[in-house]
Amino acid sequence: MAISMTEAAARHVSRYLSRRGKGIGVRLGVKTTGCSGLAYKLEYVDEVQADDVVFEDHGIKVLIDPKSLAYIDGTELDFVREGLNEGFKFHNPNERDRCGCGESFRI
């Protein structure tokens, strides 16, 4: 089982944590919502919780709750700029479908 991130995502998280003045990485998970059923949730974190599964890539910790890991195993977290927009993208090999608005996905 593994979660990875690109250099671009690691640079973005590192810059944000520096500006924020604290934090150890990001927590990636899923929640039930949207047209297709699941949506990604991503938040900056200051400490590891007892049940977190921790991955580290490019010096940045990615924390996953055990319930979400089955849905996002193998996911690569990327940070991209497309025109005037920028944001995180999730390359999840488990996705089978994505809703039209792009908010949710199905396994």
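Y40, F90 and F105 are linked into a cluster by ring pairs. This is a predicted model, in which local features need pLDDT of at least 70, side-chain atom pairs count only at pLDDT 80 or more, and totals for chains, interfaces and linings use all residues. Residues are numbered from 1 along each chain as its sequence is written, and side-chain values use heavy atoms, with hydrogens and water left out.

**Aromatic rings**

- Rings of Phe, Tyr and Trp (its six-membered ring) pair if their centres lie within 6.5 Å; planes under 30 degrees apart are stacked, over 60 edge-to-face, and the rest tilted.
- The count by this rule is four aromatic pairs.
- Y40 and F90 are stacked, at 4.1 Å centre to centre with 15 degrees between the planes.
- Y40 lies in strand 3 (residues 37-45) and F90 in strand 7 (residues 85-91), so this pair ties together parts 50 residues apart in sequence; strands are DSSP runs of E, at least two residues, and helices runs of H or I, at least four, numbered from the N terminus.
- Y40 is buried at 14% relative accessibility (buried is under 20%, exposed over 50%, partly exposed in between; 1.4 Å probe, protein chains only).
- F90 is also buried, at 18%.

**D65**

- D65 is in the loop between strand 5 (60-64) and helix 2 (66-72).
- The side chain of D65 makes a polar contact with that of S68 at 2.8 Å (N or O atoms within 3.5 Å; within protein, one must be able to donate a hydrogen and the other to accept it, and residues adjacent in sequence count only if both atoms are side-chain atoms).
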